[in-house]
2 protein chains.
Amino acid sequence: MQNAMMPNWLMQRANLTPERPAFETDGDIISFRMLWEQVYELAGKLASLGIRKNDHVALLSGNSLDLVRFFHALMAIGAVGVPLNTRLSIEEQVWEIEDSKASWLIFDDKNHLFNSAANEPRLFHRISISQVKRQSHSEVKLQAEFSLDAPCTMIYTSGTTGKPKGVVLTFGNHWWSAAGSALNLGLTETDKWYCCVPLFHVSGLSLLMKNVIYGMPVVLAKKFDPHEANQMICKNGVTMISVVANMLRRMLDDLGTASYPDAFRCMLLGGGPAPLPLLQRSRQKKIPVYQTYGLTETASQMVTLPPEFMFSKLGSAGKPLFHGEIRIIKEDRVADPGEAGEIQVRGMNVSPGYWNHPETADRTFSGGWLRTGDIGYLDTDDFLYVLDRRDDLIISGGENVYPAEIESVLLAFPDVEEAGVIGVKDEQWGEVPFAFVHMKPERTVSEKDILDFCQKKLARYQLPVGIQFTGLLPRNASRKLLRRKLVDRLPKEFSAQK
Amino acid sequence: MQNAMMPNWLMQRANLTPERPAFETDGDIISFRMLWEQVYELAGKLASLGIRKNDHVALLSGNSLDLVRFFHALMAIGAVGVPLNTRLSIEEQVWEIEDSKASWLIFDDKNHLFNSAANEPRLFHRISISQVKRQSHSEVKLQAEFSLDAPCTMIYTSGTTGKPKGVVLTFGNHWWSAAGSALNLGLTETDKWYCCVPLFHVSGLSLLMKNVIYGMPVVLAKKFDPHEANQMICKNGVTMISVVANMLRRMLDDLGTASYPDAFRCMLLGGGPAPLPLLQRSRQKKIPVYQTYGLTETASQMVTLPPEFMFSKLGSAGKPLFHGEIRIIKEDRVADPGEAGEIQVRGMNVSPGYWNHPETADRTFSGGWLRTGDIGYLDTDDFLYVLDRRDDLIISGGENVYPAEIESVLLAFPDVEEAGVIGVKDEQWGEVPFAFVHMKPERTVSEKDILDFCQKKLARYQLPVGIQFTGLLPRNASRKLLRRKLVDRLPKEFSAQK
């Protein structure tokens, strides 16, 4: 059997297309050659800290070119970058750093990270990006080749229950993800991807890999701003962008009556089932929305709705990447078409497992199949429909109630800006749905009006027992709705099931 | 380490994009779904012949949809297809069939194969395509997954010296070739590749793989015709085509003052160093020529000149695919820039070795590096220039003389249609170049005129000692010049060195 090796990606890219632009950020453009030269130098500075092959190194930074350079420098050394979510509490960050056995915490000191582990005295080995840059250079043998089986990065999953776990992604996982995505979405010389999702999430990190593997320029945004995103598409030649539903909605609001240029070819929409009204608005605007389903454990994109089915299978997440497979398991058997069950996926992009959790190997990654914990079904043409997180599922009088389905109806009601649904205890049915609604500024509506509207569109057991009007809904750094945090906003006469 | 497995390519493709056109041939269009249904049925018929996993099966056929189906049916069974060059003599074909230990020879009986092994009574297990189709169906467990390390096909290399050897190409070799090529050439929804090279050569066979891996329609031609090829590009939406220099020249002659539509995006030019005048003509016509260098052992394309360097590095074969590497070895050390030596290549697309020739494992595939037997150099920017086959190299008074360089000058002379150069014995210099020239119909010229022209462009030791006017030059099935066969045409006062 052949040893699965590839040349160091950034080094190879700098050799193949040195003068192509690699990153655009804040109006600056950096070529692959320049990026490699900087990374080469940075790797020597990291080596002077004693960082060696197979070390884990925690990275705490928002999106920046520096973060890009640190990822590549660690890959060149053969160390594993462990990016931390900057929005976590100090305790959560410290927990992840300790759990990961990171030898260092490297943090951004240019942009304020409030309440972060950067200032936590318990962590002896912490150093700022500026300090690293002032280090002297140590000799280090850089990896001219990457072994596809070696760990490349580790990202902690936010997880809806329990402590977060470090998802190990190998070089091979990232490679197959990027190659599979190129076969799925195509690849052209004029492609330019707008990265306004965090690099510490797999959605952003996968763009850092595509950047070098494709030789494709990435425009790196510090944070998401709907107007800026639209400007990038309309005036700066951006052809592809990754978003979640909430971001797309805000972009559409900002876009108004304008539309995107023809060169814009891919709005990759992930982060959970998209509400139907949003897809319909996008359709009216002729926006090439590729709905996609992916996880940290699949190194991002796993299932995507191909262009020819964009309209006929509206609401579906599509079919797997060329090298991937999906199945639906219900009570230990493969489900029939249309029958909901747990989504399981398999493929070369799927993580070999969680760091330091050998007990999950069987439970979560059984026989190569990753048990995603998400509920969905395949239609008769084998298209995947993602219903919801298994953990968020509401079982009401024996019926499965999917919060996302109810939220989709609520979002179709005029002036509803955000909607979230959770299950609350009920004597008669065990559990019943309860809704949270955030209205557009200065718009009000009665609970009864919304419930009347819902009654026309939902089955009786899907109808919320109550609606709470509230502020913006809680979301994680990739703007996914955090339903479990809605529990705190429940009126006191209700109590959550979980 | 993860088991490198992928879903069966055609099955997966038929599941992902069932109604997309797979092949167009003779005006017929067949979808991926139809192709898979036919292949599924055919696999059962092959099983009834006793063909099982790991069997070798020789295939003797020109380009046809049947040949495509047989390749896929064998892959589905896990048997290894061994395509034979239809132009070989009976003895050569029989030799390859016996060397490969093929359990069956399956031959095309619709199109006449003159003097072929199809009628050879020594071969007990031979059966025509029509006969196979009349077989009953046997139950057979088809491979739902392909192991990337398993052998997929075996192609005998024409080889300039010695007996041909069977090059084993694994599923992984074909996958990495296709994925690497997509990253190199891009991939768009409107791509359509014209296959007018033989499927029994790696140039054609690689298109059969790209077809399913990309989900890209292939227009399959029985044989190359320059006018038909031009029609396909100009009127039938073909966007990509693989050719060798001689084919491109004939297409340009046919094209006359016309030009190709903008949608035509890739003229992939392989099969040896291209003569400069041809590249210049292509440039005038604004044809997007991608010069490429590849071998059977590399599953086709290994090195390609990327678009941004098309003009500034005219004559170079470019840089390796993203996952590949090249080096130049001169006298057991890595050569300096500009210094010629043996081209060696490495990458996941490189064959694990020759069938039944374990002794070549070290000599030819040393430490993962394939010794190609070709001579070339890298310039200071790491671009590869292929000079010639090592076996065709002429050493004249200690100087290296590359036939391709002299041929390129001869081809620049008006009305010279083909040119070939070999070395002949010389008392003073050891070896000197001798030229064969084929003029355009009804054009004549004197030897002296050509030599005067050459004198202005070549060094003294590169100047041919004689020129023989002759008919069309000998070429193999992929239209590569066969210099060793020119020896037979030498005037009797000369004798070849090798």
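1. Two strands count as paired if DSSP finds at least two bridges between them. In this predicted model, strand S14 (residues 266-270) and strand S15 (residues 289-295) of chain B are joined by three bridges and run parallel. Within this pair, B:Leu269 stands opposite B:Gln291 in S15(B).

2. S14 and S15 belong to an open sheet of nine strands in chain B, ordered S3-S2-S12-S11-S13-S14-S15-S16-S17. The pairing in this sheet is mixed. At its edges are strand S3 (28-31) and strand S17 (319-320) of chain B, each of which pairs on one side only.

3. Helix H3 (residues 65-77) of chain B packs on this sheet and touches strand S2 (21-25), S3 and strand S12 (218-220) of chain B. The direction of H3 makes about 145 degrees with that of S2(B).

4. Helix H8 (residues 226-235) of chain B lies across strand S11 (193-195), S12 and strand S13 (240-244) of chain B. H8 runs at about 165 degrees to S11(B).

5. How do the two H6 helices pack, and at what angle? Helix H6 (residues 171-185) of chain A packs against helix H6 (residues 171-185) of chain B at about 65 degrees, with the axes 10 Å apart. H6(A) and H6(B) are therefore roughly perpendicular to each other. Their crossing is left-handed.

6. H6(A) contributes A:Trp175, A:Trp176, A:Ala179, A:Ala182 and A:Leu183 to the contact, and H6(B) contributes B:Trp175, B:Trp176, B:Ala179, B:Ala182 and B:Leu183. The residues of this contact divide into 10 nonpolar, no polar and no charged.

Key:
Residues numbered from 1 in each chain as written. Chains lettered and ligands numbered in written order. Predicted model: local features only at pLDDT ≥ 70, side-chain atom pairs only at ≥ 80, totals over all residues. Heavy atoms only, no water. Helix = DSSP H or I, 4+ residues; strand = E, 2+ residues; numbered from the N terminus. Contact = heavy atoms within 4.5 Å. Axes fitted to C-alpha atoms, helices over the stretch in contact; angles between N-to-C directions. Parallel < 35°, antiparallel > 145°, perpendicular 65-115°, else oblique. Left-handed = near helix turned anticlockwise from the far one by under 90°. Nonpolar A, V, L, I, M, F, W, Y, C, P; charged D, E, K, R; others polar.
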